[in-house]
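Please look over the sequence and the model shown here. The report that follows walks through the fold, one part at a time.

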Amino acid sequence: MILDEETVVNLYRNENLSVMHIAGIFSVSWYQIEKILRKNKISKRSIPDAITSHNITKYGLKKFLPRKYLSQKDELLKVAGVMLYSGEGTKRRGTVALSNSNPDIIKVFMKFLHRICGVQKDRIHATIHMYEDHTYSELIKFWSGVTQIPYTQFYKPYLHIRKKGTYRSLSKYGTISIQYSDKKLHTLILTWIDEYHKSLIQKGYDNYF
């Protein structure tokens, strides 16, 4: 296949294909593709954007698409999801992750990811945190039913060592961590948290008590 510069630029800029994918199409090195992009003064994507593009083009993983127009019901779901993440979510590492043992809270967060954030189900993973007196087969069956996440998208469980007594009565099905690896969505959720906090301050709720 002839290495046409215009086609290369179009595939990278308009089709959002990765450098590696374009190189594979033309059966050339990635260096040759980057050379054409530099020649045509095409700015390289940031590392997070490049990783996202690579995942999309190589593995067919779709990026998240936040819902633009929200109904009143959706607005409530968004507030619930953002506030849950404000209290229970991971703030570092650039990965969306929330852990809880309450299935109702997990259901709300899953709906938030799907309906508000536009996350594709096949990109959500989970990790079960369990103790010695738990049975993993029971836990994964339960949490897979709650989240609708297939078994194949569960990471290896994390086993905690029980010190005194039993935690099973407090957490019958252990704790589940919902994970979605995307720095952009992580940043967006943190931005929403900041916006809600500032809105409450502007309305005087910081001095309410």
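What covers the buried residues of α6? The cover includes α5 (72–88), β1 (96–100), α7 (136–147), β4 (175–180) and α8. Buried means under 20% relative accessible area, exposed means over 50%, and partly exposed lies in between (1.4 Å probe, protein chains only).

## About the model

This is a predicted model, in which local features need pLDDT of at least 70, side-chain atom pairs count only at pLDDT 80 or more, and totals for chains, interfaces and linings use all residues. Residues are numbered from 1 along each chain as its sequence is written, and side-chain values use heavy atoms, with hydrogens and water left out.

## The overall fold

The chain has 8 helices and 4 strands. Helices (H or I, at least four residues) and strands (E, at least two) are DSSP runs, numbered from the N terminus. Along the sequence, their pattern reads α-α-α-α-α-β-α-β-α-β-β-α.

The chain has 209 residues, and 36% of them count as buried. Contact means heavy atoms within 4.5 Å. Take the contacts in the chain with a separation of 6 or more: residues 24 or more positions apart account for 75% of them.

## Helix α6

Start with the length of α6. The helix has 14 residues, so at 1.5 Å a residue it should span 20 Å. The expected span is 1.5 Å times one less than the number of residues. The end C-alpha atoms of α6 are 19 Å apart, which agrees.

Now its ends. Asn 102 caps the N-terminal end: a side-chain oxygen lies 2.9 Å from the backbone nitrogen of Asp 104. Just after α6, Gly 118 takes a positive phi of about 70°.

Which residues of α6 are buried? They are Ile 106, Phe 109, Met 110, Phe 112, Leu 113 and Ile 116. An α-helix has 3.6 residues a turn, so residues three or four places apart point the same way.

## The nonpolar cores

A nonpolar core is a set of buried Ala, Val, Leu, Ile, Met, Phe, Trp, Tyr and Cys residues joined through side-chain atoms within 4.5 Å. The largest one has 32 residues. Phe 112, Leu 113, Ile 178 and Leu 185 touch the most other members. At least two residues of this core come from each of α5, β1, α6, β2 (125–131), α7, β4 and α8. Helix α6 gives the most, with 6 residues.

Look at Leu 185. Residues up to four places away in sequence are not counted here; Leu 185 then touches Phe 64, Val 96, Leu 113, Cys 117, Val 119 and Tyr 180. Another core lies apart from the largest one. It has 13 residues, among them Leu 17, Ile 22, Leu 37 and Ile 42.

## Aromatic pairs

How many aromatic pairs does the structure hold? It holds 6. Rings of Phe, Tyr and Trp (its six-membered ring) pair if their centres lie within 6.5 Å; planes under 30 degrees apart count as stacked, over 60 as edge-to-face and the rest as tilted. The rings of Trp 30 and Tyr 31 have centres 6.3 Å apart and planes at 85°, so this pair is edge-to-face. Trp 30 is partly exposed, with a relative accessible area of 45%. Tyr 31, at 45% relative accessibility, also counts as partly exposed.

Phe 112 and Trp 192 are buried. With Tyr 85 and Phe 109, they form one aromatic cluster. Lys 78 lies over the face of Trp 192, at 4.3 Å from the ring centre. A charge sits over a ring if NZ of Lys or CZ of Arg is within 6 Å of the ring centre and within 35 degrees of the ring normal.

Ile 140 lies in helix α7. It is buried, with a relative accessible area of 8%. Leaving out residues up to four places away in sequence, Ile 140 touches Ile 128, Tyr 151 and Phe 154.

Asp 74 lies in helix α5. At 4% relative accessibility, Asp 74 counts as buried. Apart from neighbours within four places in sequence, Asp 74 is in contact with Arg 67, Arg 115 and Ile 116.

Methods. Polar contact = N/O pair within 3.5 Å; in protein donor to acceptor, adjacent residues only side chain to side chain.
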